[in-house]
Amino acid sequence: MPGPSKQSQKSIKRVKDGVRRFLETMAGEQQEPEEDESPSPASPSRSDTQDLPDDLVRIAQLESETLAAERRQIEKWRAELEATLRDREERQAYFADLAAERESRFKLMLESAQAQLAGRPPVEEPEPAEEEPEAPTAPIAEPIPAGPYNTPTLELLEASSIEDAILVSPETLEEQELKLQGVLDNFAVDAMVYDAVVGPRVTQFRIRPGIGVRVEKISGLQKNISLNLAQTNVRIQAPIPGEPFVGVEIGNGNTLPIRLRSVFESKAWQHGSETIPLAIGMDIQGKIIVADLAKAPHLLIAGATGSGKSVCMSNLIVSLLYKFTPAELELVLIDPKRVEFGLFKEVPHLIHPVVGDPKTAVLLLKWVVKEMENRYEILAEKQVRNIASYNAKAEAQGFDKMPFMVVIIDELADLMMTSKGEAEASLARIAQLSRAVGIHTIIATQRPSVNVITGVIKANYPTRIAFQVSSIVDSRTILDCKGAESLLGQGDMLFNPPGFARLVRIQSPMVQDEELTRVVTHVSAAQPDRNRVDLSSFTQSSEGTAESLADGADDLYMQALAIVAETQKASTSYLQRRLRIGYNRAATLIEEMEDRFHIGPQNGSTPREVFVTQEDLQQ
Ligand SMILES: Nc1ncnc2c1ncn2[C@@H]1O[C@H](COP(=O)(O)OP(=O)(O)OP(=O)(O)O)[C@@H](O)[C@H]1O
């Protein structure tokens, strides 16, 4: 075989020489970085590099630049790691000091108690020799360390047997289908009952309308369908979102509650990717629905008395207890009815005892607003934008993570009656800003009227659950559409999931008091008291007095407010006429009222909501 040609041998030699010189150059640079000027014996002369092919010289230059950049990066990392290490050492020293101080105080207390027992005067605490150095600010406002958490097990909850239950017999199903088709035929509506989906509480008959048939023709038959099928509550979905059918939902003859345990056993719960998962229930197709409170980011629950709100809220609290330790999630429970959250008073996630008094509840909401502001400062200190980035940084750098906080209010109406302006303002502020700092709220009410679910609340709570209500008006107040009046009660709900513009009908799981007691007893064993809320610096403003209502406002503000409260109408032109003032002044007064949450925002041509009544002003 012929060897390489003379030409290529020469070229290979040249390349080899070039690489050797490059390596020597690099070695020379490393040894004498300072002496750029004086040529080192190893470094190549200008004439040497001129001998090299251009490509090789460029590659060599690039290599040396990359090497320099990498060296700079390594230096930066080293500095960062050293800073982290210093930070950790400081924290370690701080906690060591704290432990030593506590130990000495404990000893002193012991000696004092022994002295008192022996009839001697108690031992005095020695004066500190010099001023204590200021303690470094804790990453989260005074977190109280949690003990090891007893994660609850599934055995604490009742097992379910809904899979084996016969909710509707095939004969009943066939009979209902024939009757439904009969109604359509009798009213000469060209439509066919296509099939039926049996859900946990209701069966959905899917109807396919003929060509050119308006869906309103079928939804207009709601009362006739109820009559012919002898059903009280028939709900019609025209059309079923995303399907070429109209849905007619009829209650099942047999019902069996879905158990919370079956939700926790489902794949949706166990393999879900939700940040703060909440067990909502089972939809008509039998799919388990788990919502993410982090996406919601706040939840409004409303429904008539006995419709299943409290059971639903227990499900939500238990969901949190199953997923989070007290170090990962803090709970604030407000229960003006004083009956619903009694079972949860030992839960270690609570950072304040369950609040029953509406006035204390309002102060607590103010505290939450303050906590939210603190958390924003902490995020700014660490130069991160939200709790997720903060916690990722905490994990990487070894400082404490920021826990989520969930505030649950059982009866919003009681809070609104006590102190509407303050409660509403705090809730709106929390709802608008708290998502980034991991604070979420769940509020419930059995009075779905516009005085309680005001425009401000509605605007800030896009994720809603409606249980059965008594009228279409109530349904509209909660969901902005009808439907909740046709629900069956006992956990039958319409859910408006975050990010979806449609309602899903869901059966809420059932959890009984005995199950709740077992779970709470299990999780609260050997847990320290984590109460860290100090309300002493928060005072109830003298809301309701003329001075505070009109503080800093126009001289005519109280008169204008009295007119609005009397007429329940907030109109600029009406104020102009009644107060004999110009348009600009009247419009400013109306804007002032909106800013102070006394009236709702302008919403197209619909009149503004009025949140103050004459009684409020008299109080
Ligand atoms: N998901 C459910 N499955 C089966 N039954 C339920 C369900 N939810 C509620 N119920 C039944 O309805 C009853 C009333 O429920 P719940 O106490 O939750 O109503 P509520 O809406 O909170 O009423 P109130 O506003 O008066 O407190 C329960 O005692 C239970 O028997």
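Start by selecting Gly 308, which is buried, with 25 other C-beta atoms within 10 Å. The model on screen is a predicted one. Gly 308 sits in the loop between β7 and α9. Show its contacts beyond four places in sequence: Gly 303, Phe 467, Gly 489, Gln 490, Gly 491 and Ser 508.

Next, display the ligand. The residues closest to the ligand are Thr 305, Gly 308, Lys 309, Ser 310 and Gly 491, out of 15 that surround it. Colour this shell by class: 10 residues are polar, 4 are nonpolar and 1 is charged.

Now select the stretch that the unreviewed UniProt entry annotates as "binding site": Gly 303, Ala 304, Thr 305, Gly 306, Ser 307, Gly 308, Lys 309 and Ser 310.

From that stretch, pick Gly 303. It lies in the loop that runs between β7 (299–302) and α9 (309–323). Is Gly 303 buried or exposed? It has 28 other C-beta atoms within 10 Å, and because 20 or more make a residue buried, Gly 303 is buried. Leaving out residues up to four places away in sequence, Gly 303 touches Gly 308, Lys 309, Gln 446, Ala 466, Phe 467, Gln 468 and Val 469. Phe 467 is also among the contacts of Gly 308.

Last, go to Pro 448, in the loop between β10 (439–445) and α13 (455–460). The C-alpha atoms of Pro 448 and Gly 303 are 6.9 Å apart, although 145 residues separate the two along the chain. Pro 448 counts as buried, with 26 C-beta neighbours inside 10 Å. Its contacts, again without residues up to four places away in sequence, are Ala 302, Ile 453, Val 469, Asp 474, Thr 477 and Ile 478. One of these, Val 469, also touches Gly 303.

Terms used: Residues numbered from 1 in each chain as written. Predicted model: local features only at pLDDT ≥ 70, side-chain atom pairs only at ≥ 80, totals over all residues. UniProt positions renumbered as here; feature names shortened; annotations may be inferred. Helix = DSSP H or I, 4+ residues; strand = E, 2+ residues; numbered from the N terminus. Buried ≥ 20, exposed ≤ 12 C-beta atoms within 10 Å, placed from the backbone. Contact = placed C-beta atoms within 7 Å. Near = placed C-beta within 6 Å. Nonpolar A, V, L, I, M, F, W, Y, C, P; charged D, E, K, R; others polar.
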